Amino acid sequence: MKLFLDTANLDDIRAAAKLGVIHGVTTNPTLISREKGDFAAIIREITSLVDGPVFAEVLAQDAEGMIREGRELAGLDFSVCVKIPMTAEGLTAVSALSKEGIRVCCTLVFSAAQALLAANAGARYVAPFIGRFDDIGYDGIEAVASIVDVLADGDFETEVVAASVRSPLHAVEAAKAGAGIATVPPKALFQMIHHPLTDAGLARFMKDWAESGKEL
Ligand code: G3P
């Protein structure tokens, strides 16, 4: 399972890109609203920092507006993937933009039925939200597994991007559920590096080496 970073913060993107572990960046209107600068400039800057797709979401709610904004976003850089919400208007936009060769991610997906619609409309990616489903008492990982299952027949090339990932465990469980990609917020990505036994093991190696008096 590939890892994307779920943020619009340029410092976090630089820090994660330096690790060499991220293959794309996803944003949403909330994440963009937290950063300084205008939407297009932020997205362009992100595309210069990562190898891989950069997801930018439309703000219009009607199909015509989504299609117009989607074309504009896709025109910012070849790596931009347009995020469209899972609504009836959204499906019309997913279908129109996909037919133009624009990569689209259908977002705010919570069920296998919605994922099937998105795939049939031509979405390159579907983004089920794990944490937000857990928040209301459902099982977000089970939803990912069910979506992976219904898309597995090979009729479409739609990839599952597990989103609303809140912890390292969510990322691991998404991989076990068969998601091809998980988009992870910076905090959870950096948490994934650490394990107490790694720290203790390293401290022990350094102590033993220092006490031996040997030199390199
Ligand atoms: O980009 C969508 C997403 O990952 C949202 O995460 O934590 O706000 O539910 P969260």
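Student: Which residues of H4 and H5 meet?
Tutor: In this predicted model, Ala63, Met66, Ile67, Gly70 and Arg71 of helix H4 meet Glu89, Gly90, Thr92, Ala93, Ala96 and Leu97 of helix H5.

Student: And how many of those are nonpolar, polar or charged?
Tutor: The contact of H4 with H5 has six nonpolar, three polar and two charged residues.

Student: What is the angle between these two helices?
Tutor: H4, residues 63-74, packs against H5 at an angle of about 40°, and their axes are 8 Å apart. H4 and H5 are therefore oblique to each other.

Student: Is that crossing left-handed or right-handed?
Tutor: H4 and H5 cross in a right-handed manner.

Student: Which angle does H5 make with H6, then?
Tutor: H5, residues 88-99, and H6 pack at about 30°, with 8 Å between their axes. That angle makes H5 roughly parallel to H6.

Student: Which residues make that contact?
Tutor: From H5 come Leu91, Val94, Ser95 and Ser98, and these meet Leu117, Ala118 and Ala121 of H6. By class, the contact of H5 with H6 divides into five nonpolar, two polar and no charged residues.

Student: How do the axes of H6 and H8 cross?
Tutor: The axes of H6 (residues 112-121) and H8 (residues 140-150) come within 9 Å and cross at roughly 40°. That makes H6 oblique to H8. The crossing of H6 with H8 is right-handed.

Student: Which residues are in contact there?
Tutor: H6 contributes Ala112, Ala115 and Leu116, while H8 contributes Ser146, Ile147 and Val150. The contact of H6 with H8 holds five nonpolar residues, one polar residue and no charged ones.

Student: Changing topic: how many strands are in the barrel?
Tutor: The closed barrel has eight strands, in the order S1-S2-S3-S4-S5-S6-S7-S8, and the pairing is parallel.

Student: How many bridges join S1 to S2?
Tutor: Two bridges join S1, residues 2-6, to S2, residues 25-26, and these strands run parallel. Asp6 has Thr26 in S2 as its bridge partner.

Student: Which strands does H3 lie across?
Tutor: Helix H3, residues 39-49, lies across S2, S3 (54-57) and S4 (80-85). H3 runs at about 165° to S3.

Student: What is found at the start of H1?
Tutor: A side-chain oxygen of Asn9 comes to within 3.1 Å of the backbone nitrogen of Asp11, at the start of H1 (residues 10-19).

Student: And which residue comes just after H1?
Tutor: Just after H1 comes Gly20, with a positive phi of about 75°.

Note on methods. Residues numbered from 1 in each chain as written. Predicted model: local features only at pLDDT ≥ 70, side-chain atom pairs only at ≥ 80, totals over all residues. Heavy atoms only, no water. Axes fitted to C-alpha atoms, helices over the stretch in contact; angles between N-to-C directions. Helix = DSSP H or I, 4+ residues; strand = E, 2+ residues; numbered from the N terminus. Parallel < 35°, antiparallel > 145°, perpendicular 65-115°, else oblique. Left-handed = near helix turned anticlockwise from the far one by under 90°. Contact = heavy atoms within 4.5 Å. Nonpolar A, V, L, I, M, F, W, Y, C, P; charged D, E, K, R; others polar. Pairing = 2+ DSSP bridges. Polar contact = N/O pair within 3.5 Å; in protein donor to acceptor, adjacent residues only side chain to side chain.
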